[in-house]
Amino acid sequence: MTRSLVVVGHGMAGHRLVEEVRAGDRTGRWRITVVAEEPRPAYDRVALSSYLEGRTAAELALATPGLADDPRTDLRLDTRVTAVDRAARTVTCSDGTVLRYDALVLATGSSPFVPPVPGRELAGCFTYRTIDDLDALRAAARPGEAGVVIGGGLLGLEAARALLLLGMRPHVVELAPHLMPLQLDEGGGRVLARLVGGLGVGVHCGRGVASVDAGHDGRAAGVTLSDGTVLPARAVVFSAGVRPRDELAGPAGLARGKRGGFHVDEHCRTADARVWAVGECAAVLGRCHGLAAPGLRMAEGVARQLLDAPHEAFPGADLSAKLKLLGVDVAGFGDVHARTEGALEFVREDETAGSYAKLVLAADGRTLLGGVLAGDTRGYAMLRSLLGRPLTAAPERLLAGAVAG
Ligand SMILES: Cc1cc2nc3c(=O)[nH]c(=O)nc-3n(C[C@H](O)[C@H](O)[C@H](O)COP(=O)(O)OP(=O)(O)OC[C@H]3O[C@@H](n4cnc5c(N)ncnc54)[C@H](O)[C@@H]3O)c2cc1C
């Protein structure tokens with residue numbers, strides 16, 4: 001008998017789930033309806049910034065071979081799910097349609113967090129999450145004028161690069177004492193700030209935004225920081241973290257994680273055996289994951305459950321990352337802030353070369369707990385492979401090797 005699967009959200013995780021079910025459902029057991037708020041099918045959000053380098057929306061689209069002609073699949077774009085009735089097993093859509101489900105997968109992602117500062121509603125304020133956001137930013141950009149990015153994390157630096165690509169002069173404002181506080185320590189953040197400063201990005205750490213200020217035309221014209229500094233800003237991009245989109249949880253009577261997100265078990269199941277959550281909106285055992293790879297794994301795991309195939313519990317994920325931001329190589333893995341009790345830190349910094357490397361060792365002085373590399377990440381793969389294991393050489397030698405590649 002055909003059963004009805006409703007997927008809420010056609011982002012990276014929702015797309016992977018649908019493709020896995022379509023590929024594995026050889027007996028045509030599931031009829032899939034995908035309700036997607038955005039006006040276009042799923043695209044590669046991780047590569048979003050390449051849209052400003054000339055990649056088109058069509059080129060960013062994630063491959064869905066045969067989806068449009070697949071009689072088992074119904075993709076409803078530009079439509080939002082507004083309510084879930086678990087007793088009736090239905091969802092209500094923004095166009096008034098009511099859809100019945102046998103299984104419901106919530107894949108609603110996150111929304112950018114915009115701090116509640118005066119002026120945040122002004123024209124000229126943007127977020128950086130969707131193709132529509134980038135279209136709006138591009139339309140408002142004025143080459144040669146200043147732009148301010150609120151948030152100096154991974155996405156904030158991508159937004160700063162976007163402003164550079166649009167010919168603007170970006171400033172980045174970060175509340176923490178250094179850039180990329182989640183992935184890097186103070187030393188790595190300092191090297192990164194120096195290198196991106198050399199590219200024309202103003203870096204203002206240890207300060208928040210107090211207000212966005214309007215000009216004569218009523219649009220954003222500047223930003224006042226918590227220490228009184230005033231920065232001119234034709235465009236203000238909020239990139240101060242994300243919040244899981246769990247607004248359907250309350251009305252549906254589904255539990256939330258402590259920091260938001262649909263609370264699910266290690267199989268991504270809510271307390272309702274017919275309802276799952278995957279991707280950034282899922283608080284797996286209470287914890288959300290703000291990266292693409294964990295969400296794709298969740299989607300694969302839930303697809304296997306829907307297909308009654310053997311599956312493994314979601315194994316969790318860490319924040320390890322090797323990135324090139326504004327052309328600067330940075331990497332962080334494991335306990336980058338040396339928070340483990342008794343942890344020892346070994347640092348090697350080469351100011352002339354603009355590189356920084358740190359190893360974090362357990363109290364035994366041998367077991368690698370984490371590390372940070374900035375300016376030169378050629379040693380990343382080797383060091384990352386030693387995580388949790390005894391070092392193969394003295395820390396000084398490994399660091400010298402990491403910096404020298
Ligand atoms: C600029 C940028 C760069 C990034 N770089 C990286 C990177 O280098 N590495 C990395 O791992 N991750 C990166 N990410 C994060 C990555 O894109 C996300 O982790 C990933 O997209 C999450 O997938 P998701 O399906 O959970 O959410 P999303 O891709 O956000 O999809 C959720 C979808 O659900 C829709 N939706 C929400 N509510 C409803 C509703 N009620 N009804 C219908 N539809 C709804 C949303 O509109 C959205 O289309 C980046 C993100 C951005 C913005």
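Biologist: Let me start with a detail: in β22, which residue is the bridge partner of K324?
Modeller: That's D329 in β22. Before we go on, this is a predicted model, where local features need pLDDT of at least 70, side-chain atom pairs count only at pLDDT 80 or more, and totals for chains, interfaces and linings use all residues. Residue numbers run from 1 along each chain as its sequence is written.

Biologist: OK. How many bridges join β21 to β22?
Modeller: There are 5 bridges between β21 and β22 (residues 328–334), and the two run antiparallel. Strands here are DSSP runs of E with at least two residues, helices are runs of H or I with at least four, and both are numbered from the N terminus. Two strands pair if DSSP finds at least two bridges between them.

Biologist: What's the strand order in the sheet with β21 and β22?
Modeller: It goes β21-β22-β25-β24-β23, an open sheet of 5 strands with antiparallel pairing. β21 and β23 (344–350) each have a single partner strand, so one side of each has no neighbour in the sheet. On average, neighbouring strands of this sheet are turned by 10° against each other, direction ignored. Those angles are between N-to-C directions, from 0 to 180 degrees, with axes as lines fitted to C-alpha atoms, for helices over the stretch in contact.

Biologist: And which strands make up the open sheet of 3?
Modeller: That one has the order β13-β14-β15, again with antiparallel pairing. The edges are β13 (209–214) and β15 (230–232), each with a single partner strand. Its twist averages 25° from one strand to the next. β14 (residues 220–225) is joined to β15 by 3 bridges, and T224 stands opposite V230 in β15.

Biologist: In which sense do β10 and β11 pair?
Modeller: In the parallel sense, over 5 bridges, with β10 covering residues 146–150. G147 stands opposite P170 in β11. β11 (residues 169–174) is mostly covered, with 5 of its 6 residues buried. Buried means 20 or more other C-beta atoms within 10 Å of the residue's own, exposed means 12 or fewer, and partly exposed is in between, with C-beta atoms placed from the backbone.

Biologist: Switching to helices: at what angle do α1 and α7 pack?
Modeller: About 35°, with the axes of α1 (residues 12–24) and α7 (residues 292–306) 8 Å apart. Among the residues that meet are L17 and V21 in α1, and L296 and A299 in α7. Contact means C-beta atoms, placed from the backbone, within 7 Å.

Biologist: How many residues of that contact are nonpolar?
Modeller: The contact of α1 with α7 has 11 nonpolar, 2 polar and 3 charged residues. Ala, Val, Leu, Ile, Met, Phe, Trp, Tyr, Cys and Pro count as nonpolar, Asp, Glu, Lys and Arg as charged, and the others, Gly among them, as polar.

Biologist: Now the backbone. What's the phi of D308?
Modeller: About 55°, which is positive although D308 is not a glycine. Most residues other than glycine have a negative phi. D308 lies in the loop between α7 and β21 (321–325).

Biologist: Is D308 buried or exposed?
Modeller: D308 counts as exposed, because it has 9 C-beta neighbours inside 10 Å. C268 also has a positive phi, near 65°. C268 is found in the loop between β18 (262–264) and β19 (275–277), but C268 is buried, with 28 other C-beta atoms within 10 Å.

Key: Two residues are in contact if their C-beta atoms, placed from the backbone, lie within 7 Å.
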